[in-house]
Amino acid sequence: MSEDTRKTTNSSVTLDKEQVIYKDVPETNEYYKYIMALTEKGVVKGTGNSRFQPNAIISRAEAVTMIITALGFEDKAPEPLPILNFNDNSEIPKWSEKYIYMANKIGLINGDEYGNVMPTKALTKAEIATITNNMVKYIIEELGEEYIL
């Protein structure tokens, strides 16, 4: 391997300077360049065994994790993490707690009329549209010129 080639590995992906490999995302996949770009930035990860599962449905917790990571807020949650104020806290995967906390704190997500965040529920188009709208609103109103994409 040449000196200018960066190589790191985890359970799902091998990163070289110019190539990320998922067995189930060939370069001919219409989403290849987007998946690779977000993988290289650490926004998305594979599911293990060099797989990404590009056609899998994602949960609310997974979507929120990607958005908070894309915003660069993954390390902004306080430690220790305060108790989340949702009626279904016990359903929130441990790995996603800080992301759900931050998404709630900046107004991307709120509980439903019963106080549930439903972290394992698959997202609908309407829900991701709402979350994305809330993200854009947050960027414009709260970050403004300070936020550089």
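**Group meeting: a walk through the model**

The protein exposes about 10,000 Å², and carbon and sulfur atoms supply 50% of that area. Keep in mind that this is a predicted model.

Overall layout, then. The protein has four helices and three strands. Along the sequence the pattern reads β-β-β-α-α-α-α. There are 149 residues, and 37% of them are buried. Now the contacts between residues at least 6 apart in sequence. Of these, 59% join residues at least 24 apart.

On to helix 1, residues 32-40. Which of its residues are buried? Y32, I35, M36 and T39 are. Looking down the axis of helix 1, the buried residues fall within an arc of 95°, so they line one face of the helix. An α-helix has 3.6 residues a turn, so residues three or four places apart point the same way. Helix 1 is followed by G42. The phi of G42 is positive, near 80°.

Next, the largest pocket. Its volume is about 1,000 Å³. The lining has 26 residues, and the closest to the pocket centre are V44, K45, F52, I58 and M66. Which elements give two or more residues to the lining? Helix 1 and helix 2, the latter spanning 60-71. Helix 2 gives the most, with four residues. By type, the lining divides into 16 nonpolar, seven polar and three charged residues.

Now the backbone. A reminder before the details. Most residues other than glycine have a negative phi, and most peptide bonds are trans.

Stay in the loop between helix 1 and helix 2. N49 is found there. N49 is not a glycine, yet its phi is positive, near 55°. Is N49 buried or exposed? N49 is exposed, at a relative accessible area of 62%. Q53 has its place in the loop between helix 1 and helix 2 too. Q53 is not a glycine either, and its phi is positive, about 60°. Q53 is partly exposed, with a relative accessible area of 43%.

One more backbone feature. Where is the cis peptide bond that has an omega of about 0°? That bond joins E79 and P80. P80 lies in the loop between helix 2 and helix 3, and helix 3 covers 97-105.

To recap. Helix 1 has its buried residues along one face. Helix 2 gives the most to the lining of the largest pocket. N49 and Q53 carry positive phi values. E79 and P80 are joined by a cis peptide bond.

Note on methods: Residues are numbered from 1 along each chain as its sequence is written. This is a predicted model: local features need pLDDT of at least 70, side-chain atom pairs count only at pLDDT 80 or more; totals for chains, interfaces and linings use all residues. Side-chain values use heavy atoms; hydrogens and water are left out. Buried means under 20% relative accessible area, exposed over 50%, partly exposed in between (1.4 Å probe, protein chains only). The arc is that of the directions from the helix axis to the C-beta atoms. Contact means heavy atoms within 4.5 Å. Accessible areas come from the Shrake-Rupley method with a 1.4 Å probe; for residues, only the protein chains shown count as cover. On a 1 Å grid over the protein atoms alone, a cavity is a set of points where a 1.4 Å probe fits but cannot get out, and a pocket is an open set with protein on both sides within 12 Å along at least five of seven lines; lining residues have an atom within 4 Å of a point. Grid points are joined across faces, edges and corners, and a volume is the space filled by probe spheres set on the points. Ala, Val, Leu, Ile, Met, Phe, Trp, Tyr, Cys and Pro count as nonpolar, Asp, Glu, Lys and Arg as charged, and the others, Gly among them, as polar.
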